[in-house]
Amino acid sequence: MRLNPRLAQVPLSHWLAVGLVIALGLFPISLALIRLWAVTGISPLSALTMVQDQPGAMEALQFSLLEGLASTVLTVALGVPLAWAFGRYQWKNLQLKRALLFLPFVTPPIVAAVGFLALLSPDGFLHRLGFDLHAESGFMRFLSERSGWEEPGHFVALVVAHVWFNLSLMIRFVEPVVAQLDPAWEEQLALLPAGRSKQNRLQHLWIPVLGPATLVAATYTFFFSFTSFALVKWLAPSANTMESLLGEMGGTAGIAGYRVETSLAVLGIATLQMLLMLAMLVLAGRFERQHSQVLSMHHEVANRARHGRPPRPLTWFVNGTIVLLLAPLVSVVIASFRVTTRSGSGFSSSWTLEGWKRAWSGDLSTVPVLEALTNSLTYAGLAVLVALPLGYAVASCLVTLRLQGRKRLAGVLDSLCMLPLSMSAVMVGLGMVAGILRWFPDMFTFPYLPVLPHVMLVLPFVIRLMVPAIERIDPMFAEQASLLPLSSVAFWWHARGSFLLVPATMAASLCLAFSMGEFGATFLVVRVGSWDSLSILVDQVASRPKFDPYVFPTAMALATILMVSTLLVLSINERARAWRKRHDV
Amino acid sequence: MKRNLVMMLLVLAAPLSGCLEPIEPITADADGGCELLEPGRESDGVLRLLTYDIAAFSESMLGEFTNQTGYDIELIRTDDAGGILEQLLQTQQAQQADLAIGLDNTYLQTALNFCLLQPHTANVSGIATEALQPYDGPLAVPFDQGDVCLNYDETRVDGTNLTVPTSLWNLTEPAWVGQVAFPSPVTSSPGRAFMSATVDYFEHDDDETTNAFDWWRAMADNDAIFTTGWTEAYEIHYSGGYGEWVEGHLGDAAMTVSYCHSPGVEAFYGGNWTKSTSLTLPRASFHQVEYAGVINGAAEVTAANAFIEYLLSESVNRNMPENNLMKSVLNGATFPGTDGYAHHTDVPSLNAEISNERIADEMEDWIERWTEATQ
């Protein structure tokens, strides 16, 4: 592809955007490490060698590895057959089912957490299936008796929630491989001795073909489970991942002359966590390259038609999974209308609107829901306004550099721009607190501070959406536009801008949704200041002592509002995707 | 190209300029004296309260203050009392708030040592002696109080399965293996208060060869449950409280740290019924007082003083038990008799006697020793 001369150079503004994006990713966390170094007098590397002496650090590392591994194994065990079945056959309402399978991944973590809590309550669906956290009955009792593990409940609940959250990753990576696999491969293999039995076909076709995609999804599943925060905070409160430990201690870190041992612990744990996450991302990148090599492909619609309707057991399996995936979300809504009150030594449940009334009025001395929702939408809107043009400029710069043949430079800049992806949300929050607020205390009164971590977290997604969108634009449009007497703005619009409307809308809606549900970074920032977003409000209210029985329904009402708002924003994304499909742009 | 790269490097380097010098904190002189700092911001008629998630500050309560005085209020909420101290320390030379509300007597002296508060001029007559006992100086005013002590489930500590302890050492016996949940003093205010009480308790017991941290080590060896905050200990682990009808409850602990009036609150919301009660061994409880203080470097000092008076007014402070689940600091204040609130509230015969100054001087060391003992 050759670019029109008017688009062939990288303008200064795009270079500045690249610089700004790299600075955004690098500086807060670098400043945080420098601050912690200055306060403790110990370098990050030295702190790393002392990490085993920090209270709770080794337990957190062990727990993170254990729950990450268990979550990954279970996600693969359930996700691969699900993706295979979903990718192979002709399903009714395919788009809708795909959207529903994708839903958990974009659900705000705090909503998922309280949704699972509702499911685990004595009235809840999971409790009735035998998930009794006390291990006095059902599956938990069985597990407890067989394993000798006294309280497996919270751990199992956390792993189940992680599987729920990450199944969509399996669908996202594995389903397209199954759906687009050239059927000739399977047919030809069936004629050979090595492909006569199911086991042989599994060994010689499916494992080699699906392996790389599964490994990519498994690595990301491990990554997200390892850095889990909101779900651990609520479902396994007696344990800590390294992420939740940092979330607990991060607010205290970086103050000169006060609780220096906490600053030292945060420095060591943050350094270790960063190194581990970087290693995981490098691994995921390697698997992703292998994955892209095996994508030989065939038309999906024809493939599905060839295999026809799914067999009944698979229909039950896929549809049943979708119902289970929706269960925590439905539970949130139901729990917002239920209250459990005590009468003497017993307790009873009844229907109520009190939770909604309190959520609306902010009766529990929190901000009213409208104010929190306005804050959330403001932060999300500003994050989009900043991230979209910056993301476009970076993507345009990367595409131009590649077309100029400077692929190595483009690769280096691309990696640097993706740096926030190698940091968890709490690490980004730590960058804000110890990196920005500790150095610049005046920022405590800056009302839009949470926008900064949100921009950092969503920018990589914008860039990832924009790069292929720019690459897809036919250079002929630029050639034709250049023949017309157009101003530079009009030329840009006709050659490029008008083709990016749909991807930009999709990027904007995804950013809005991620920003509205963002919890880890804001949690840490809010620990030291007052920036109440809706997801933080849910956490604040749910954390209140529940002597008053209406506290929990109020938290659930707030969670319902957050969930519905996020889904409305995401529906814009689905509409844009459908429009693009219809118009083939 | 080179020019562009230079520009990019300049953008990358800009945020680092001028921020590599750590801000050194201001501390009180040997006599405890502090200089009055310049306001950290311009006065704008808005009173900014730095507080944690205090349940007593409803919209209507704050609105009433605005109606009475004409000052608008803006809340800056942190996570807890520790969060208030941390933000005060961090913004010491450019304070953004005017009034700190919620520092307790385990944090107050540290705030005073760092010159974070200035003398108030509010009329605060009518405060009970017990509330003024930990601190009665001009820099902070008590606004609520409560005794932190062990709570236990009467249905489990029934004299048959478990007997009511007569000494904290009883809790290290085999019968109590895994039965006690403690919020960590590192991350929880009640946890910090109770740990301070144990220091005093074991300094006054008959055994001079052991101290509080020997007991904490023995508790850890006896599989005591340690949690991050009060909520996890009380709601998830404690079987005697409201937690048993809350999602995620385990109920594996028959005893935990809470307030001596927590059983009263349980009864108040539970139709005059509770199975929780307090263990009020002498010196094994801690009288916690929460304070309001005008911030050194505040811009709205007059409004801050007016708010202190409002907070201590009869109409606001007498309602602390219902609104903030803590006791009022006014003379003659009691817990309400409604639904067994007062009836189920226990009053310790002797709280731990440990000065604020000692807490400030030794807390870091205690936390280090506690961590070492319980790891």
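This report describes a predicted model of a complex, with attention to chain B as a whole and to selected residues of chains A and B.

## Basis and confidence

Residues are numbered from 1 along each chain as its sequence is written, while chains are lettered from A and ligands numbered from 1 in the order in which they are written. The model is predicted: local features need pLDDT of at least 70, side-chain atom pairs count only at pLDDT 80 or more, and totals for chains, interfaces and linings use all residues.

The predictor assigns the complex an ipTM of 0.78 and a pTM of 0.83. For chain B, the mean pLDDT (the predictor's confidence in each residue, from 0 to 100) is 89, and 93% of the residues reach 70 or more. Residues 5-20 of chain B stay under 50 in pLDDT, and the model has 19 contacts for them beyond four places in sequence. Two residues are in contact if their C-beta atoms, placed from the backbone, lie within 7 Å.

## Overall form of chain B

Chain B has 13 helices and 10 strands; these elements are DSSP runs numbered from the N terminus, helices being H or I of at least four residues and strands E of at least two. Its C-alpha atoms fill a box of roughly 80 × 55 × 45 Å along the principal axes.

Buried residues make up 54% of the 375 residues in chain B. A residue is buried if 20 or more other C-beta atoms, placed from the backbone, lie within 10 Å of its own, exposed if 12 or fewer, and partly exposed in between. Of the contacts in chain B between residues at least 6 apart in sequence, 77% join residues at least 24 apart.

## Domains of chain B

An automatic or database domain assignment divides chain B into domain 1 (2-145 + 289-338) and domain 2 (147-286 + 344-374). Their centres, taken over C-alpha atoms, are separated by 29 Å. The contact between them takes 15 residues from domain 1 and 13 residues from domain 2. On the domain 1 side, H4(B) supplies the largest share, 4 residues.

Helix H15 of chain A (residues 312-336) has 25 residues and should span 36 Å at 1.5 Å a residue; its end C-alpha atoms are 36 Å apart, which agrees. The expected span is 1.5 Å times one less than the number of residues. A kink of about 35 degrees lies at A:Ala327, shortly before A:Pro328, the bend being the angle between axes fitted to the seven residues ending there and the seven starting there. Among the buried residues of H15(A) are A:Pro328, A:Leu329 and A:Val332.

A:Met563 belongs to helix H26 (residues 551-583) of chain A and is buried because it has 26 C-beta neighbours inside 10 Å. Beyond four places in sequence, its contacts are A:Thr107, A:Pro108, A:Val111, A:Leu329 and A:Val332. The C-alpha atoms of A:Met563 and A:Val332 are separated by 9.1 Å, although the residues are 231 apart along the chain.

## Residues with positive phi

Most residues other than glycine have a negative phi. A:Asn93 has a phi near 50 degrees and is found in the loop between helix H3 (57-88) and helix H4 (94-106) of chain A. With 9 C-beta neighbours inside 10 Å, A:Asn93 counts as exposed.

B:Cys115 has a phi near 60 degrees and lies in the loop between helix H4 (108-113) and helix H5 (129-132) of chain B. B:Cys115 is buried, with 22 other C-beta atoms within 10 Å.
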